[in-house]
Amino acid sequence: MMKCINSSIKNSVLLLFTWISNKLGLLFPAILLLLILMIIDYISGMLAAKKEAFVNIKDPIYGWSSKKSILGIYKKIGYMLTVIVSVCIDYLLFRFANELGLKYSSNTFFGLLVTIWLIINEILSILENIGRMGCELPNFLKKLLIELKKNIDDKNI
């Protein structure tokens, strides 16, 4: 009986993920990547803070604190709310453009643009945290990501 219940739960979760993936299209893997990078960024930030606290024992500016940790979580929640709002804007534009007879072919334009911008932010933050941990980073990688972010910002889409 328990195996049947577990199987039903697994099938329900799989069905839900399939439905969401179908509705979001290309945006779905981007959101999953963003979630993974947010977790990696949070962990790398904690590790960098622990390393800084170990090296700078007497300086209270450095190190891990629950306040900084909570603020980081708030920031991640804000990122996800921003993605949700941008997807809502896409839905409204797509829905009403069709009703008005306008051509708006993409149903995830703003959602995807915002998600990619946030992914680049997370990657830059992870690289900063890795640098704070004492690892040497290739300059071409930092320059490339900064340029990508700048190009998205400069487009003023």
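Predicted model: local features only at pLDDT ≥ 70, side-chain atom pairs only at ≥ 80, totals over all residues.
Let me begin with the chain as a whole. Of its 157 residues, 25% are buried. The accessible surface amounts to about 11300 Å², and carbon and sulfur atoms account for 71% of that area. As for contacts between residues at least 6 apart in sequence, 66% of them join residues at least 24 apart.

I turn now to helix packing, and in particular to helix α4, residues 109-132. Two packed helices are described by the angle between their axes and by the distance between those axes.

How is α2 placed against α4? Helix α2 spans residues 27-55, and the two helices pack at an angle of about 20 degrees with their axes 8 Å apart. As angles under 35 degrees count as roughly parallel, α2 and α4 are therefore roughly parallel to each other. The crossing of α2 past α4 is left-handed. In terms of residue class, this contact comprises 15 nonpolar, 6 polar and 5 charged residues.

The second pairing involves helix α3, residues 66-99, which packs with α4 at an angle of about 160 degrees, the axes lying 7 Å apart. An angle over 145 degrees counts as roughly antiparallel, and α3 is therefore roughly antiparallel to α4. Here the crossing is right-handed.

Which residues form this contact between α3 and α4? On the α3 side, they are Lys 76, Tyr 79, Thr 82, Val 83, Ser 86, Val 87, Ile 89, Asp 90 and Leu 93. On the α4 side, they meet Phe 109, Phe 110, Gly 111, Val 114, Thr 115, Leu 118, Asn 121 and Glu 122. Sorted by class, the contact of α3 with α4 has 9 nonpolar, 5 polar and 3 charged residues.

Is Leu 124 buried or exposed? Its relative accessible area is 13%, and the cut-off for buried is under 20%, so Leu 124 is buried. Leaving aside residues up to four places away in sequence, Leu 124 touches Lys 142, Leu 145, Ile 146 and Lys 149. For one of these, Ile 146, the C-alpha atom is separated from that of Leu 124 by 7.7 Å, with the two residues 22 apart along the chain.

To close, α4 packs roughly parallel to α2 and roughly antiparallel to α3. Thank you.

Note on methods: Residues numbered from 1 in each chain as written. Heavy atoms only, no water. Axes fitted to C-alpha atoms, helices over the stretch in contact; angles between N-to-C directions. Helix = DSSP H or I, 4+ residues; strand = E, 2+ residues; numbered from the N terminus. Parallel < 35°, antiparallel > 145°, perpendicular 65-115°, else oblique. Left-handed = near helix turned anticlockwise from the far one by under 90°. Nonpolar A, V, L, I, M, F, W, Y, C, P; charged D, E, K, R; others polar. Buried < 20%, exposed > 50% of the residue type's maximum accessible area, 1.4 Å probe, protein only. Contact = heavy atoms within 4.5 Å. Areas by Shrake-Rupley, 256 points an atom, 1.4 Å probe, with all protein chains shown as cover.
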